[in-house]
Amino acid sequence: MTYRHLLSPLRLGPLTLANRLVFSAHLTNYAEDGLPSEQHAAYYAARAAGGAGLVITEEHSTHPTDWPYEKLIHGYRPEAVTGYRLITEAVHAHGVPILAQLNHNGGQASGMYSRTPVWAPSPVPDPLFREVPKAVTVAEIAEIVAGYATVAGHCAQGGFDGVELQCSHSSLVRGFLSPVTNRRTDAYGGPLAHRVRILREIVAAVREAIGPDRVLGVRLCGDELIDGGTTIEEAVEIARMVEAGGGVDYINTSIGVATSTLYMIEASMAVPAGYALYISNAIRRAVRLPVVGVGRIKDPMQAERALAEGHCDLVGVVRGQIADPDFLAKARSGHATDIRSCLSCNQECVGRMGLNRWLGCIENPRAGREAVPLAPPTRRPRRVVVVGGGPAGLQAAATAARRGHLVTLYERHPGTGGQVTAAATVPSRAEFLDVVRNLLAECRRYGVDVRTGAEATAAGLLAEAPDAVVLATGARPRAPHWAGDSPRVVDVRDVLEGRVEPAGDVVVVDDLGFHQATSVAELLADRGCRVHITTAAMVVGQDLGITLDLETFTVRAHAKGITQSTDEVVMAAEADAEGGVVLRILTHTTGAMSERRADWVVCATHQAPEDALWHALRDAPFEVHRAGDCVAPRRAHAAVVEGHRVGERL
């Protein structure tokens, strides 16, 4: 059997899991007024239906002082039990057990929502929230412990099969365990045995609240990746203490701290798959309890290998099952190549939640919308033509064909993918091409007639007379207003698509604040260019912070000698006598003007919609729809969402 380990059952305390795949806890922002919602229930049920052996929900706050973000589930409120039953019944309908994660975020929070001081073991401010917490008293520690027990009781009433204690990346308990944030001198500080005391008390109280017939797990941070923080050696000792104390059925693992080293918790595609398995490996060798391993595991074979090599007993796959709820079902049935694999781009999952929006997925336009019924298959198939084989066109074609329409897709280039194909050629971005592979596989699965190297014209479409046309013709580079007539002021697409080969001193102008400028800068540096990036923003590639790419880019840029300057607005460009370009630059913080010379200038600037075909067909005798950049140039997630919407409307 290909997935012998992954598909084997496992005893977890009083439960027997059908397989080793865990849909681990992660934030969703689906709570409504602090309570669980139908959106939660449908979301978790979809992953249970797809074959996960165990589902663990996002965190449930255990105390009113813990409110770090708006849409947190307030588990201490008795009325949460009604929503819990909604979730557990939806998941249990598929024969899958479900646990609730309990947490108090401690000092990794703010009082913006609670209007109270945040609580922590010591008054050590978090580097992200920058708020000095209140050091809890012994009496308040007892209140915290009681809060965990109360929420655990609510979870039991709500039908959960057990609970998991979040003691890892963002947790008051982690704050007690870590020597960086615990500077107490009483019985809860100092030596490790004292720092573990609160965890032992919580375990005892929670076990009493849920009884012996429910599962109790503990999630530990194996390495905080900060100076003076918890290391793997100390994490192993904590795991040993947890096991020796009794009452715990398994240990889950994590890496990093959710604020200081967040980019390592939800790592982007720049970080190797399985990067955190060394933590579960070390803990598993030290304890007899089952151990969950995590770390950007994105396909069933990687999960199988992690189990077969003894790194863990269970595998936590979150983003992989967000992208495709049928992750395991497809693997079990021999259709692993049909899995819509995660890109680790973090745009719609981590990025959306960082903007206080609910979790979505660039690959899966249904993620977070599972509670919204799909349009039923059509009874009257229509002939649909899609023009353009980028993400918008491929998604529109796949959705329309899934609904039963007869779909033909025209792509003028030799292959599908559009701008994604070029974007995936740069360093650390190869996995981005998976969005094209996945969508193309869906098109073929649903019978789309994909014709590459075939350009659709208005005359041809009018002659073909389909029932509906979807235009997904993309966008074209547009020179910035200051570019002048120098042939050496070019667009990033000119570089990526091979029309120019800059050399020597290159200035990259970042007007978009995302991967376009930074990735091309790396590509040119790798080719031997001396690269400088300038931007009018306060940070080069500022939106890379949202997707957790900024830290790793900065490290690579420094190693490659890429220099950066901010708060600079390019006002004009002129050719010089040596064939290069002189830029006139305004530093908008001071009003000072300066000049910078380069052999080439590469612009990551806004594009223009490729909408000529739209204007030519506006009065056509059939329906004409648009999706993606030909409506307005944006990022890939907008193209996928719009393509799906258009496909459903047909």
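Reader: Why is the pairing of R493 and E497 called a salt bridge?
Author: A salt bridge is a side-chain nitrogen of Lys or Arg within 4 Å of a carboxyl oxygen of Asp or Glu. The closest N and O atoms of R493 and E497 are 3.1 Å apart. That is within 4 Å, so the pair counts as a salt bridge. This is a predicted model: local features need pLDDT of at least 70, side-chain atom pairs count only at pLDDT 80 or more, and totals for chains, interfaces and linings use all residues. Residues are numbered from 1 along each chain as its sequence is written, and side-chain values use heavy atoms, with hydrogens and water left out.

Reader: Why can such side chains pair at all?
Author: Side chains of opposite charge can pair when their charged atoms come close.

Reader: What makes R493 buried or exposed?
Author: Buried means under 20% relative accessible area, exposed over 50%, and partly exposed in between (1.4 Å probe, protein chains only). R493 has 15% relative accessibility, so R493 counts as buried.

Reader: How many salt bridges does a search of the whole structure find?
Author: The search finds 33.

Reader: What makes R530 and D505 another such pair?
Author: Their side chains meet at 2.7 Å, N to O. The pair links distant parts of the chain, 25 residues apart. R530 is in strand 20 (residues 530-535) and D505 is in strand 19 (residues 505-510). Strands (E, at least two residues) and helices (H or I, at least four) are DSSP runs, numbered from the N terminus.

Reader: Which class of exposure does R530 fall in, and which does D505?
Author: R530 has 52% relative accessibility, so R530 counts as exposed. D505 has 28%, so D505 counts as partly exposed.

Reader: What does the salt bridge between D543 and R635 tie together?
Author: The closest N and O atoms of D543 and R635 are 2.7 Å apart. D543 lies in the loop between strand 20 and helix 19 (550-559). R635 lies in the loop between strand 27 (623-626) and helix 21 (636-649). So the pair ties together parts that are 92 residues apart in sequence. R635 has a relative accessible area of 27%, so R635 is partly exposed.

Reader: What makes polar contacts with the side chain of E59?
Author: The side chain of N103 does, at 2.6 Å. The side chain of N105 does too, at 3.4 Å. A polar contact is a pair of N or O atoms within 3.5 Å; within protein, one must be able to donate a hydrogen and the other to accept it, and residues adjacent in sequence count only if both atoms are side-chain atoms.

Reader: Which residues is L496 in contact with, leaving aside neighbours within four places in sequence?
Author: Contact means heavy atoms within 4.5 Å. L496 is in contact with A422, A423, T425, V426, V520 and L523. L496 is in helix 17 (residues 492-496). The C-alpha atoms of L496 and T425 are separated by 7.4 Å, while the two residues are 71 residues apart along the chain.

Reader: Where is L225 found, and what is its phi?
Author: L225 is in the loop between strand 9 (215-221) and helix 7 (232-245). Its phi is positive, about 60°, although L225 is not a glycine. L225 is partly exposed, with a relative accessible area of 35%.
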